[in-house]
Amino acid sequence: MSAVIPYHRVNVLTGIKSARLIEDAQEYASLVQKARRPLLVLGPLLLKWSLDGKLLIEYALEIAKAANIPTCATAHVRAKMAELGVKPDSFYDVVEIINALKDPNWRGVKKEGNHDLVLFFGIRSDLGEQGLSVLKHFAPHLKTMTLCKFYYPHANYSLPNFRKDEQWKAFLESLIDNLKKGV
Amino acid sequence: MAEKKEITRKLEEIHEKIRAEIPWEPVGPTPMPEIPDLRQWDMRLLKTYAPFYAPFCDLCCFCTYGKCDLTETRRGACGIDIATQQARFVLLACLMGCSAHTAHAGHILEFLIERYGPDKKIDLGGSINIEAPHIRTVVGLKPETLGDLVIAIEYVFKEITHLLDSTAMGQEGSCLDYESKALHAGMLDHVGMEVADIAQIVGFNYPTSVADTPLIDLGWAAVDKSKPVILFVGHNPATSTVVIDYLRENNLYDQVEVCGVCCTALETSRYSAKAKVVGPFSRQLFFIRSGIADVIMTDEQCIRTDMPVEASKAGSALIATLDKAMYGLEDATEMDTEEIVKQMVEDKKHFAILDPRKAAEVAAKVAMEIAPQRRKEWLSEGEAKELASKCNVCGMCEQVCPNLFNIGAGIAEVAKGKFDLLREQFNLCVGCGKCEAECPRKIPIFKIMQVAASKESWKVRAGRGSIMDTEIRTVGAPITLGTIPGVVAIVGCSNFPDIRDIAEMVDEFAKRKYIVVVSGCSAMVAGMWKDADGKTVYEKYPPAFDMGGVVNVGSCVANAHITGAAIKIANIFAALPLRGNYEVMADYVLNRVGAVGVAWGAYSQKAASIATGCNRLGIPVILGPHSSKYRRLYLSRKEEDDWRVMDARKKEIVDTGEPSPEHLAYVCETKEKAMVMIPKLCIRKNDTPQGRAIKLNHYISLHKKYMGGGLPEDIYLFVRRDPDIPLVYKKEVRAYLQEIGWKPKEPVGLPTLIGTYPSKVPVDAVIH
Ligand code: SF4
Ligand code: SF4
Ligand code: SF4
């Protein structure tokens with residue numbers, strides 16, 4: 001298989017180990033549901049991006065709710081969440097949460113133990129990819145997954161580069177449905 | 001025995017070089033420190049602020065054993081692991097940066113010593129006695145002449161060689177030791193920068209011992225394109241100052257427009273307030289492609305590597321004036337001046353000319369000859385629409401954009417006669433030109449951007465060099481007590497997520513009575529905004545190094561004056577001896593000087609070394625989102641980390657549990673987050689209750705402003721006792737503290753790290 005090139009060329013992989021590309025929302029849902037202690041990291045692009053007039057933060061919160069995943073609000077995401085009346089489960093900036101996740105003995109945002117699956121959503125892609133690199137190299141105890149519309153080679157599981165927003169929207173909606181159904 | 005003798009001889013040599021017998025201060029434990037000398041201090045810092053590595057590549061390709069895959073637990077054929085490889089890379093970046101500044105300093109010194117001789121006195125004016133805080137602290141020398149600066153620079157050159165040696169294949173195997181070396185390189189960089197700027201101030205008669213330097217015209221629209229235009233690009237003013245001399249001597253200065261991009265522009269405007277500052281590095285290609293410059297003169301650092309191609313495309317003449325970048329051009333230094341001019345005008349040839357006098361004459365003559373024949377008009381909206389109409393919104397430009405935005409969407413809007421999106425995007429553009437190179441339809445994106453670029457001009461205050469001793473005397477107490485809430489140094493390059501962030505940050509913190517210091521490209525960009533009254537931050541705020549002041553120290557090398565001011569606080573205000581006494585200075589700054597660096601658009605290796613030098617001196621640095629690509633940060637784990645200090649008065653180790661400053665090198669994704677981190681990273685253990693309350697007031701109020709209300713969750717870590725709580729938030733904070741079961745703790749009388757790790761420095765050394 002030839003390597004998938006990330007949409008933003010700045011993230012092109014110079015290495016061997018790259019993310020498994022998954023397009024099937026059901027497969028994503030089942031990976032999430034198999035996780036014992038997942039975590040959803042929310043980035044500030046969720047406040048900028050929308051699909052058909054619906055802000056991405058709303059999709060993110062539906063995902064969190066559907067699978068009961070604790071959230072971590074980075075940057076100024078909490079400001080919008082306060083507006084929406086939702087309290088994040090934790091507040092760390094992106095490099096801080098990654099720094100904590102690196103430590104296998106960290107007790108996690110729920111103080112129940114470190115997380116085994118971390119979903120990243122809405123972080124600018126170069127910073128996100130660098131963060132995923134940290135975890136790929138220094139956190140063998142957990143897996144990472146991305147929900148943005150680009151391929152992230154440093155993740156364990158990544159979406160493809162969706163050419164059309166409709167494909168991404170369909171994926172996110174199907175993911176939410178599958179999580180709700182509890183496949 | 002033999003070893004001991006060797007060390008003694010070495011020390012003797014050092015004492016000779018620094019004229020130890022002149023007792024302006026006793027010589028401390030580490031004059032001219034070598035790699036191991038400050039290692040224990042570094043290790044103590046790295047214990048709390050552990051390196052955080054974000055590998056940019058999974059491979060190493062440094063030697064012919066490679067490429068080696070370093071993923072997971074794999075090691076290279078030489079035995080290196082991924083963390084150590086990152087640290088090696090960081091050290092290399094710091095060495096590149098340190099070398100750039102130090103070589104710049106070396107060149108300027110040579111140039112000036114040639115002109116004035118080595119005995120030219122260093123005199124920075126009546127308000128500056130501590131002329132060289134870094135050289136005094138690190139080298140142990142009180143430099144009196146240009147010749148003395150050579151001693152400092154030679155020490156840095158020597159250390160660079162040892163450090164660079166350690167990066168060769170098959171040597172250092174510890175990431176922490178590489179970090180210690182990177183910190184060493186960073187510290188040396190500040191010495192190199194200090195030499196460069198002192199030499200420049202002395203040799204070029206720049207303003208010194210004065211705050212109220214002239215306001216300089218800023219922006220591409222400030223350039224009078226009806227005149228022949230000479231553009232300087234880079235950092236080194238050796239040639240640009242000579243060009244001005246030449247124009248003055250020949251009564252041409254009114255006829256020729258002189259301007260610059262990047263730091264040479266700032267330098268030149270310190271020499272002559274008539275010189276215009278076009279803008280930061282991120283506007284370099286934009287301005288060059290506009291064709292407004294008739295002659296482009298490059299020197300060193302932050303000049304594009306494709307300059308001959310770009311100059312030819314724009315129909316500009318190019319002169320490379322320094323050996324750092326000769327672009328494969330013919331070296332015309334020995335050639336007849338008239339012949340060079342003829343070939344440049346008639347054959348459109350570019351040349352390298354390393355003699356500033358000759359380069360100046362050629363530049364002036366060529367500019368005057370070719371200017372009348374060149375078209376220098378900004379593109380009209382109609383022309384832009386026409387050019388943009390070829391765009392088929394393929395998205396190729398977005399994929400290569402390092403700032404990750406879709407310029408193609410803006411171009412497509414222009415094709416429809418709408419310019420708002422492109423105007424917005426111009427603020428995000430870092431000026432790399434990758435989009436245009438990638439465009440399959442060959443759309444001249446930069447040309448089209450001309451219709452989006454503001455045609456306003458602004459003001460930037462000319463760089464003023466060192467902070468005055470008199471100012472330090474005034475602010476020393478309030479800074480260390482915390483009643484001036486902090487010194488915010490907004491510095492460095494222009495890889496900004498959004499160019500507007502800088503003026504907003506400057507305005508926010510100057511308004512709040514922080515001392516705001518700026519330099520380099522950030523100093524220019526700070527001026528590219530006007531308030532409702534049409535004032536830039538330089539007109540709105542006083543230029544004093546005092547609360548609510550906005551101080552432009554100058555170019556990149558002037559950053560040494562910012563860190564130098566921190567050392568001066570320890571030396572002048574606290575009366576701690578600085579000579580060969582780096583550890584004590586750094587410890588003082590870390591625990592007592594609430595200063596934070598913000599390098600929001602850092603891209604260069606120089607920024608890496610400057611920041612790392614700040615870190616060794618105990619100054620935390622906040623970086624913009626691109627900076628995760630530097631591969632390494634220094635982060636603490638908040639309360640989980642080691643926050644023990646020695647109370648120097650009681651000689652007791654106290655576990656403060658207070659993460660101040662919380663991180664040493666930190667990346668923020670958004671301006672909003674940076675706005676909240678800046679006040680937090682100004683908190684120091686030495687703050688008095690009154691000072692702490694002021695600092696927390698800003699931390700809380702900025703948190704409320706940018707984070708949607710509420711209190712910062714970690715506020716409990718920074719409240720020691722009730723008087724630390726700011727009055728306006730008393731009720732809210734008390735209620736929160738009660739809810740989480742907070743317990744008061746005693747502030748530490750005289751906090752220091754000395755005594756908490758193995759060091760030759762006795763605890764008493766920090767008591768003033
Ligand atoms: S320096 Fe080491 S890791 Fe790098 S290529 Fe050579 S053997 Fe491999
Ligand atoms: S690459 Fe060229 S044609 Fe394609 S979207 Fe960008 S400007 Fe338009
Ligand atoms: S020149 Fe500007 S728009 Fe084009 S790729 Fe570079 S940053 Fe992006």
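Which residue of chain B forms a salt bridge with A:Arg78? I looked it up in this predicted model. The partner is B:Glu713, and the closest N and O atoms are 2.8 Å apart.

Next I took the whole interface. I found five salt bridges across chain A and chain B. I also found 18 residue pairs in polar contact there, both residues at pLDDT 80 or more. On the chain A side, helix 3 (77-84), helix 4 (94-101) and helix 5 (125-138) each supply at least two of the residues that touch chain B. Helix 5 of chain A gives the largest share, nine residues. I sorted the chain A side by type: 18 nonpolar, 11 polar and 10 charged.

Then I checked the extent. I noted 39 residues of chain A in contact with 48 residues of chain B. The buried area between the two chains is about 3,700 Å², and carbon and sulfur atoms give 54% of that. In chain A, the most area is lost to chain B by A:Arg124, A:Gln130 and A:His137, together 18% of what that side buries.

Last, I turned to B:Glu583, in helix 24 (residues 582-592) of chain B. Is B:Glu583 buried or exposed? It is buried, yet I found no salt bridge for it. The nearest side chain of opposite charge is B:Lys760, 7.8 Å away; the salt-bridge cut-off is 4 Å. What I did find is a polar contact of 2.6 Å between the side chains of B:Glu583 and B:Tyr757. Leaving out residues up to four places away in sequence, B:Glu583 also touches others, including B:Leu38, B:Trp41 and B:Ile754.

Note on methods:
Residues are numbered from 1 along each chain as its sequence is written. Chains are lettered from A and ligands numbered from 1 in the order in which they are written. This is a predicted model: local features need pLDDT of at least 70, side-chain atom pairs count only at pLDDT 80 or more; totals for chains, interfaces and linings use all residues. Side-chain values use heavy atoms; hydrogens and water are left out. Contact means heavy atoms within 4.5 Å. Buried area is the accessible area (1.4 Å probe) that two parts lose on being put together, summed over both. A polar contact is a pair of N or O atoms within 3.5 Å; within protein, one must be able to donate a hydrogen and the other to accept it, and residues adjacent in sequence count only if both atoms are side-chain atoms. Helices (H or I, at least four residues) and strands (E, at least two) are DSSP runs, numbered from the N terminus. Ala, Val, Leu, Ile, Met, Phe, Trp, Tyr, Cys and Pro count as nonpolar, Asp, Glu, Lys and Arg as charged, and the others, Gly among them, as polar. Buried means under 20% relative accessible area, exposed over 50%, partly exposed in between (1.4 Å probe, protein chains only). Lys and Arg count as positive and Asp and Glu as negative; His and the chain ends are not counted.
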